[in-house]
Amino acid sequence: MIDIKNLTIEKASVMLQNKEITSVDLVSACLENIKEKNGELNALLEVFGDVLDQAKKADEMIASGNKGKLVGIPMVIKDNILINGRKVSASSKMLENYVASYDAYVIKKLRDAGVVFMGRANMDEFAMGSSTENSAYGPTKNPYDTSRVPGGSSGGSAVAVASGMCIVSLGTDTGGSIRQPASFCGIVGMKPSYGGVSRSGTMAMSSSLDQIGPLTKNAEDAKIIFDYISGKDEMDSTSIQLPNSIESKKVIGIPRNWLKEGIDTDVMQNFEEQIEKLKKLGYETKDIDLPYSKYSLAVYYILMPAEVSTNLSRLDGVRYGLRKEGETMFDSFKKSRSLGFGLETRRRIILGTYVLSHGYYDAYYNKAWKVRHAIEKEYENIFKEVDFVFTPTAPTTAFRFGEKKDPLQMYLSDIFTVPANIAGIPSISIPTGFSKDGLPYGIQAMAPLYKDQSLFEVAKDIEKNI
Ligand code: GLN
């Protein structure tokens with residue numbers, strides 16, 4: 001039986017091209033793992049009925065000489081990325097039976113590359129959360145300890161990779177939703193520069209922060225996927241073609257002022273060990289000060305809900321989504337939205353509507369934008385002194401279900417990941433071993449805007465050390 005859990009695209013594609021295995025073999029092995037584990041882990045909301053047919057087609061592509069690295073590779077897709085003709089619900093009751101009417105840009109690219117789409121990954125409703133507990137279809141469990149969360153919102157995508165239900169997956173990251181679950185599940189997760197990957201065909205949570213990115217077993221696989229899905233797309237005016245040049249970068253900035261409170265001691269110890277190992281590989285480190293970064297979460301929880309309230313206003317039971325008839329039109333909206341949305345989604349819509357309302361707009365929304373610009377500038381300046389900024393990906397390892405009932409406690413899980421979204425810069429989480437309880441650690445590297453390629457290089461150096 002093929003060991004999907006430890007199989008990378010790099011290895012699988014060589015085996016496929018050498019005809020040692022077929023895509024049908026790979027997909028069958030994934031299906032076995034899904035059958036065995038998904039009942040408990042709940043990583044996938046749906047396994048597509050035609051996966052073996054897709055795999056046969058990929059095998060034909062290989063037989064007729066297609067040498068692409070992704071042909072025949074089984075991939076899982078987060079349930080907020082549109083695949084034409086298939087259900088896509090954003091793990092919400094609101095869109096339970098919604099069927100996509102077109103392919104997202106990234107799906108088109110991957111389809112042309114011969115990828116096999118295995119199924120839809122569970123997530124926090126509309127990508128709001130850090131634990132996948134906000135899914136309308138039940139939480140996803142962490143494969144390293146099923147009493148613990150896998151992180152979120154792309155928890156299903158992370159668990160699918162970590163438990164061998166696919167080789168790689170796609171997630172989305174608005175404030176950490178790729179990197180934090182990658183860290184909790186011991187895999188690599190990458191958030192591209194804002195605009196690096198087209199958002200066309202992704203359900204918008206917070207349009208000025210959202211990015212699609214890969215969850216993989218190593219940095220090389222993340223690069224392979226990134227190289228396929230990045231680029232300029234006419235359907236997303238914010239998308240751009242990123243430079244492909246790789247420069248050798250060696251100075252790591254460590255924001256000591258920011259790494260003081262609220263981090264578990266063992267997480268910090270693991271972080272320091274990794275930094276020491278990088279020094280041995282020739283990296284220099286420099287303590288830096290990022291005074292505005294500590295306001296990132298506050299800025300995020302004003303700008304993000306404002307955009308959420310706007311983006312989700314179309315889900316009213318008339319244009320899209322679940323409909324519950326009321327006595328008046330307003331009553332119908334109210335009933336449909338109250339039934340369709342979960343607690344966290346409603347909380348954010350209300351918060352967002354509040355900060356955008358007349359009288360509060362200047363005090364909250366406008367002020368938050370000003371601080372966002374200050375944070376962007378802060379990173380622009382710091383990257384004149386250093387090549388990367390490093391932090392632990394999250395302040396803790398995977399926490400227990402129900403442990404963070406207070407929403408503010410939950411929001412703190414993203415303290416280190418949110419700034420990259422606020423500043424639009426690229427960032428990657430790389431696994432760095434296990435705690436004594438067997439829970440994965442992760443380290444985060446951030447790079448200057450549009451220097452996505454240098455992240456893969458530093459990530460590979462970290463991998464050399466583990
Ligand atoms: N956990 C963060 C939130 O709850 C980030 C979500 C995301 O990146 N989609 O908003």
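Me: What's the strand order in the open sheet of 11 strands?
Reply: This is a predicted model. The order is β1-β3-β2-β4-β6-β5-β10-β11-β9-β7-β8, and the pairing is mixed.

Me: Which are the edge strands?
Reply: β1 (44-47) and β8 (284-287). Each of them pairs on one side only.

Me: And how much are neighbouring strands turned against each other?
Reply: On average by 30 degrees, with direction ignored.

Me: In what sense do β5 and β6 pair?
Reply: Antiparallel, over 2 bridges. β5 covers residues 188-191 and β6 covers residues 211-216.

Me: Which residue in β6 is the bridge partner of valine 188?
Reply: Threonine 216.

Me: Now helices. Which strands does α4 lie across?
Reply: Helix α4 (residues 105-112) lies across β2 (74-78), β3 (116-121), β4 (168-173) and β6. Its angle to β3 is about 150 degrees.

Me: Switching to the largest nonpolar core. How many residues, and which touch the most other members?
Reply: The core has 140 residues. Leu170, Tyr379 and Phe390 touch the most other members.

Me: Which helix gives the largest share of this core?
Reply: Helix α9 (residues 296-311), with 9 residues.

Me: What is tyrosine 379 in contact with, beyond four places in sequence?
Reply: Trp258, Leu290, Ser293, Pro419, Ala423, Ile425 and Met446.

Me: Where is phenylalanine 271, and is the residue buried or exposed?
Reply: Phenylalanine 271 is in helix α8 (residues 265-280). It counts as buried because its relative accessibility is 1%.

Me: What does phenylalanine 271 touch, leaving out residues up to four places away?
Reply: Ile254, Leu259, Phe390, Thr391, Pro392 and Ile443. Phe390 also came up among the core residues that touch the most other members.

Me: How far is phenylalanine 271 from glycine 442, in sequence and in space?
Reply: They are 171 residues apart in sequence. In space they are 8.3 Å apart, C-alpha to C-alpha.

Me: Last one, arginine 348. Which helix is it found in?
Reply: Helix α11 (residues 343-356).

Me: Buried or exposed?
Reply: Arginine 348 counts as buried, because its relative accessibility is 3% and the cut-off for buried is under 20%.

Me: Which residues is arginine 348 in contact with, neighbours within four places aside?
Reply: Met128, Gly129, Met205, Tyr301, Met304, Pro305, Val308 and Tyr411.

Technical notes. Residues are numbered from 1 along each chain as its sequence is written. This is a predicted model: local features need pLDDT of at least 70, side-chain atom pairs count only at pLDDT 80 or more; totals for chains, interfaces and linings use all residues. Side-chain values use heavy atoms; hydrogens and water are left out. A nonpolar core is a set of buried Ala, Val, Leu, Ile, Met, Phe, Trp, Tyr and Cys residues joined through side-chain atoms within 4.5 Å. Buried means under 20% relative accessible area, exposed over 50%, partly exposed in between (1.4 Å probe, protein chains only). Helices (H or I, at least four residues) and strands (E, at least two) are DSSP runs, numbered from the N terminus. Contact means heavy atoms within 4.5 Å. Two strands pair if DSSP finds at least two bridges between them. Axes are lines fitted to C-alpha atoms, for helices over the stretch in contact, and angles run from 0 to 180 degrees between N-to-C directions.
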